[in-house]
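Subject: Handover of a structure, with notes

Dear colleague,

Please find the sequence and the structure below. The notes that follow set out what was found.

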Amino acid sequence: GYGNGSVCRLLQKHNIEIRPKNTYDVDLTYFDHIDTIDKAYVVGLYFADGSTRTYRIGVALQEKDKPILEEIARQMKYTGPLYYLPAKNERSSIQYDFSVGRKELVEAITRLGAGRNKTWALRFPFEHLSSDLYGPFLAGFTMGDGSVNNHGWSMTSNYDFVQDVISILPCGITGVYQRYKDRPLRESSHALMVNRQAEYKKLYPFLYGYSCAFFQYDRKYKA
């Protein structure tokens, strides 16, 4: 017969997801109500960089951002490990993955709008956030799929999500740029940019003008 390890390797080789064993503790209600700054930040990060599978949710970040994952684990009362992901090639970086196999968390994150195949379907979760949490959510999203520097701010997502974000910004924008002109509008990434100093000064407090446990680790907050 075949041992469990051999079976697992065979399933992984053919990209067949393995139903996880509930070995570790975690707060299964964490995403049920997004009612704090820290939760809004985590959801924003998940919208940008998270992955959702049948039985598992996860966020993978570069090794230097591992403290963010450790803080998420602490807040979610997760007792399991972060998973080490070696660099795939010379141009890629070592990563760590916060990956939890719980059906309840998959269902909760899907209700928020970040379920499987979210790339082109993603929309801003207006109905799940009070307006005072829009900024923290966008700060988390920026950590995952945005950029902040002395010249301004930018983020990348699908067309509809970008338009949603424009509707909540407290400032004017520099522009929106479709990344792949040869693709249909809603099947291409779009970059939203705020590069004028006067407008960026209005935006910065919206993104970072409050206390958040993650800012001490967020490289883009420190930029």
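Lys77 is exposed, its relative accessible area being 60%; here buried stands for under 20% relative accessible area, exposed for over 50%, and partly exposed for values in between, with a 1.4 Å probe and protein chains only. Before going further, please note that this is a predicted model, in which local features need pLDDT of at least 70 and side-chain atom pairs count only at pLDDT 80 or more, whereas totals for chains, interfaces and linings use all residues. Residues are numbered from 1 along each chain as its sequence is written, and side-chain values use heavy atoms, with hydrogens and water left out.

Lys77 lies in the loop between α3 (66-75) and β3 (83-85). Helices (H or I, at least four residues) and strands (E, at least two) are DSSP runs, numbered from the N terminus. Although Lys77 is not a glycine, it has a positive phi of about 55°. Asn117, also not a glycine, has a positive phi of about 55°. Its place is in the loop between α4 (103-112) and α5, and Asn117 is exposed, with a relative accessible area of 74%. For context, most residues other than glycine have a negative phi.

**Overall composition and core**

The protein has eight helices and eight strands, and buried residues make up 45% of its 223 residues. Of the contacts with a separation of 6 or more, 68% are between residues 24 or more positions apart; contact means heavy atoms within 4.5 Å.

Which residues touch the most other members of the largest nonpolar core? They are Phe31, Trp153 and Leu169, in a core of 61 residues. Helix α2 (residues 37-49) supplies the largest share of this core, eight residues. A nonpolar core is a set of buried Ala, Val, Leu, Ile, Met, Phe, Trp, Tyr and Cys residues joined through side-chain atoms within 4.5 Å. Neighbours within four places in sequence aside, Leu169 is in contact with Leu138, Trp153, Leu192, Val194, Leu203 and Phe206.

**Helix packing**

Helix α2 packs against helix α5 (residues 134-145) at an angle of about 35°, the axes being 6 Å apart. Axes are lines fitted to C-alpha atoms, for helices over the stretch in contact, and angles run from 0 to 180 degrees between N-to-C directions. The crossing of α2 past α5 is right-handed; a crossing is right-handed if the near helix is turned clockwise from the far one by less than a right angle, and left-handed if anticlockwise. Among the residues making the contact are Ile37, Tyr41 and Phe47 of α2 and Pro136, Phe137 and Met143 of α5. The contact of α2 with α5 divides into 12 nonpolar, three polar and two charged residues. In this classification Ala, Val, Leu, Ile, Met, Phe, Trp, Tyr, Cys and Pro count as nonpolar, Asp, Glu, Lys and Arg as charged, and the others, Gly among them, as polar.

Helix α5 also packs with helix α7 (residues 197-208), at an angle of about 95° and with axes 7 Å apart. The two helices, α5 and α7, are therefore roughly perpendicular to each other; angles of 65 to 115 degrees fall in that class, those under 35 count as roughly parallel, those over 145 as roughly antiparallel, and the rest as oblique. On the α5 side the contact is made by Tyr134, Gly135, Leu138, Ala139 and Thr142, and on the α7 side by Phe206, Leu207 and Tyr208. By class, the contact of α5 with α7 has six nonpolar, two polar and no charged residues.

The axes of α2 and α3 come within 12 Å and cross at roughly 125°, which makes α2 oblique to α3. This crossing of α2 and α3 is left-handed.

**Individual residues**

Ile37 is found in helix α2 and is partly exposed, at 26% relative accessibility. Residues up to four places away in sequence not counted, Ile37 touches Leu133, Pro136, Tyr210, Ser211 and Cys212.

Asp160, in helix α6 (residues 159-168), is buried, with a relative accessible area of 17%. With residues up to four places away in sequence left out, Asp160 touches Arg123 and Arg186.

Yours sincerely
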